[in-house]
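Hi,

Here is the structure I said I would pass on. Have a look, and my notes follow below.

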Amino acid sequence: WLNRPVTDKAEKVRAVTAIYEQLCVRQITETRISEYFARGFASFGQIDADPARKNVLVQFVQQLAERES
């Protein structure tokens with residue numbers, strides 16, 4: 001179906017979604033995102049700034065990390 005003209009877009013979406021699910025793309029992506037956020041949070045400790053001001057940034061990033069896409 002990849003080389004056929006798109007006649008049923010819903011079918012194509014289902015097929016591609018099935019491939020993503022088989023390959024666990026969502027889980028892998030979420031793991032990588034968590035790893036990057038953890039590395040970023042670890043870097044906050046190295047920033048030489050007023051802790052109160054840094055805390056505002058940390059809270060903002062935590063909200064980003066916890067949001068649903």
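Cys24 sits in the loop between helix H1 (9-22) and helix H2 (25-44). Its phi is near 55 degrees, a positive value in a residue other than glycine. Most residues other than glycine have a negative phi.

Before you read on, a caveat: this is a predicted model, where local features need pLDDT of at least 70 and side-chain atom pairs count only at pLDDT 80 or more, while totals for chains, interfaces and linings use all residues. Numbering runs from 1 along each chain as its sequence is written, and side-chain values use heavy atoms, without hydrogens and water.

Now the overall picture. The protein has three helices and zero strands, in the order α-α-α along the sequence (DSSP runs, H or I of at least four residues for helices and E of at least two for strands, numbered from the N terminus). The radius of gyration is 20 Å, well over the 11 Å that the globule rule gives for 69 residues, so the protein is more spread out than a compact globule (taken over C-alpha atoms; the rule is 2.2 Å times the number of residues to the power 0.38). Along the principal axes, the C-alpha atoms fill a box of roughly 60 × 20 × 15 Å. Of the 69 residues, 6% count as buried.

Cheers

Key
Buried means under 20% relative accessible area, exposed over 50%, partly exposed in between (1.4 Å probe, protein chains only).
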